[in-house]
Amino acid sequence: MTLSSMKTDKNTRKRKASSRRPRKDRLIQTRVPEDLETTLKEEAERRRLTVSHLIRSVLEDTFQLVDDVVTDFDKVVTDSVDLARNVSRNARKLAATSESLRPAKPGWDRSLGDIYGWNELVLQRAATCRRCGSDIESGERGFVGESDKARRHRVWLCRGCIDQVRPPVD
Ligand SMILES: [Zn+2]
């Protein structure tokens, strides 16, 4: 089956059609094997995200990792062979990231362990809430995570989720 035939994307399309404000997101269709589809659905359910948001988040993380490798090795990736090599080098790293994204307890996401605080901002550019996957539109308030890791991919939370992410109290 194609990913675009999944329920979440149908909803996105419906929302797009009825919304007065045109969305800038693009729809990409791809065919996936059945076992990958099952894995994606299970993982999305575990993280309480839609399949679309899960895929988007994994892709964003992947390209962020590739960017970091390129910077670390102080070289520019000029051809697809190098790019493929870097992607495969990061496959294990990505698998580890994916593992760490799993919430340890309901409401607390272990992947936020390096975040020491949240800054409330009025967004100029739209963003996506890491926790619930909802869109935070331009002009709305959102919370950006401040991390110990210099290169951490920026993490946003919506107002509805900020109170849900406090670490478990012992
Ligand atoms: Zn949220």
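Colleague: Val 144 stands opposite Trp 156 in β7. How many bridges join strand β6 to β7?

Modeller: Residues are numbered from 1 along each chain as its sequence is written. Strands of a sheet pair through backbone hydrogen bonds, either parallel or antiparallel. Here two strands pair if DSSP finds at least two bridges between them, and strand β6 (residues 141–147) is joined to β7 by two bridges, the two running antiparallel.

Colleague: In what order do the three strands form the open sheet?

Modeller: The order is β3-β6-β7, with antiparallel pairing. The edges are taken by β3 and β7 (156–157), each of which has a single partner strand, so one side of each is left without a neighbour in the sheet. Between β3 and β6, which run antiparallel, there are seven bridges, and Val 122 has Arg 141 in β6 as its bridge partner.

Colleague: Is Tyr 116 buried or exposed?

Modeller: Tyr 116, which is found in strand β3 (residues 115–122), is exposed, because 9 other C-beta atoms lie within 10 Å. Leaving aside neighbours within four places in sequence, Tyr 116 is in contact (C-beta atoms, placed from the backbone, within 7 Å) with Glu 146 and Asp 148. Asp 148 is 32 residues from Tyr 116 along the chain, yet their C-alpha atoms are separated by 7.0 Å.

Colleague: Which residues make up the largest nonpolar core?

Modeller: In soluble globular proteins, nonpolar side chains tend to be buried together. A nonpolar core is counted here as a set of buried Ala, Val, Leu, Ile, Met, Phe, Trp, Tyr and Cys residues joined through C-beta atoms within 7 Å. The largest one has seven residues, namely Ala 127, Cys 129, Ile 136, Phe 143, Leu 157, Cys 158 and Cys 161. Not counting residues up to four places away in sequence, Cys 158 touches Cys 129, Cys 132, Ser 134, Ile 136 and Gly 142. Of the 170 residues of the protein, 15% count as buried.

Colleague: How many of the 13 residues of α2 are buried?

Modeller: Helices (H or I, at least four residues) and strands (E, at least two) are DSSP runs, numbered from the N terminus, and the protein has six helices and seven strands. Of the 13 residues of α2, one is buried, so this helix lies largely in the open. After α2 comes Arg 48, whose phi is positive, near 55 degrees.

Colleague: What is the mean pLDDT of the protein?

Modeller: The mean pLDDT is 72, and 55% of the residues reach 70 or more. Over residues 3–19 pLDDT stays under 50, and the model has 15 contacts beyond four places in sequence for them. Residues 102–106 also have pLDDT below 50, with eight contacts in the model beyond near neighbours in sequence. Where pLDDT is low, the predicted coordinates should not be read in detail.

Notes. Predicted model: local features only at pLDDT ≥ 70, side-chain atom pairs only at ≥ 80, totals over all residues. Buried ≥ 20, exposed ≤ 12 C-beta atoms within 10 Å, placed from the backbone. pLDDT = per-residue confidence, 0-100. Contact = placed C-beta atoms within 7 Å.
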